[in-house]
Amino acid sequence: MDYEEEQANEVEALDSIYFGHFEKLSEGPPWKFRVAVDPEAAEEREGDSAEPVRLEVTFPPTYPDVVPDIVVKYSHILPKHAEALTRHVTAEAENLLGQVMVFMLVTAAKEWLETNDLSTAKDWGTGEEEESLDEAAARNRAGILKGIVGVTPVTEESFLKWRAGFEAKVAAADVTMTAERKEQLTRPTGRQLFERDASLYLDTDVGYNDADLFADEELPSDDDDDDDDDDEDEEGE
């Protein structure tokens, strides 16, 4: 692998993808640059917090066969958050060795910020700073991080309550169902009718046996067949 060419091509592609949010810090090996992770979310923040989270990346000589050097630059989160994000992105990089990876690392960093409710600015205060990363992870697993709407831990009690409500809705819907709709749903299919009584279906041009269709027709008799045979004999003579 030509590492220098591979790295140069990736830097060029990243500059195009993140145009306006990509900053080169060197013009050749070793390549060093910054990429904004959450520029859209940063626009919603104010003051110093409006600066996006950035990944400062440096390519070692044998990248992408080794993990790049990654530093998280931030303004609206705490140092412990930046440390946790760095560990997360580095772990992702180890799973991507041998291929260009910066785009996927930036995506992983953005998703991590959103999952951990760190895309918006907060007044962390002393109490928040004292919370350990393990405690934050526990809050995240419990689904009660601030800003995550509608996420509630599922317990046996909550599940049974939900199921009871669901079954009540189904029962109510069955009561209000019109008689016509019920008849449509319970009406047997053609196959079911055939399996019940095959005589309902004849192998004729019409396709079924309905005597009313032939009520006005004069059906041929055996005598008519004999007369036809006599006529044919006379013609033969």
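## Exercises on rings, backbone and helix packing

A search of the whole structure finds 4 aromatic pairs. The model is predicted, so local features need pLDDT of at least 70 and side-chain atom pairs count only at pLDDT 80 or more, while totals for chains, interfaces and linings use all residues. Residues are numbered from 1 along each chain as its sequence is written, and side-chain values use heavy atoms, with hydrogens and water left out.

**Exercise 1.** Determine how the rings of F59 and Y63 are arranged, and state whether each residue is buried or exposed.

*Solution.* A pair of aromatic rings is described by the distance of the centres and the angle of the planes. Rings of Phe, Tyr and Trp (its six-membered ring) pair if their centres lie within 6.5 Å, and planes under 30 degrees apart count as stacked, over 60 as edge-to-face and the rest as tilted. For F59 and Y63 the centres are 4.0 Å apart and the planes lie at 5 degrees, so the pair is stacked. Buried means under 20% relative accessible area, exposed over 50%, and partly exposed in between (1.4 Å probe, protein chains only). F59 has 1% relative accessibility and therefore counts as buried; Y63, with a relative accessible area of 1%, is buried. Ring pairs link F59 and Y63 with F22 and F33 into a cluster.

**Exercise 2.** Describe the backbone at P30, P64 and D117.

*Solution.* Most residues other than glycine have a negative phi, and most peptide bonds are trans. The bond from P29 to P30 is cis, with omega near -10 degrees, and the bond joining Y63 and P64 is cis, with omega about 15 degrees. Helices (H or I, at least four residues) and strands (E, at least two) are DSSP runs, numbered from the N terminus. P30 is placed in the loop between β1 (22-24) and β2 (32-36), whereas P64 is in the loop between β3 (54-58) and β4 (69-73). D117, although not a glycine, has a positive phi of about 55 degrees; D117 lies in the loop between α4 and α5 (125-130) and is buried at 13% relative accessible area.

**Exercise 3.** Classify the crossing of α3 and α4 by its angle.

*Solution.* Axes are lines fitted to C-alpha atoms, for helices over the stretch in contact (heavy atoms within 4.5 Å), and angles run from 0 to 180 degrees between N-to-C directions. The axes of α3 (residues 79-94) and α4 (residues 102-115) come within 10 Å and cross at roughly 140 degrees. Angles under 35 degrees count as roughly parallel, over 145 as roughly antiparallel, 65 to 115 as roughly perpendicular and the rest as oblique, which makes α3 oblique to α4.
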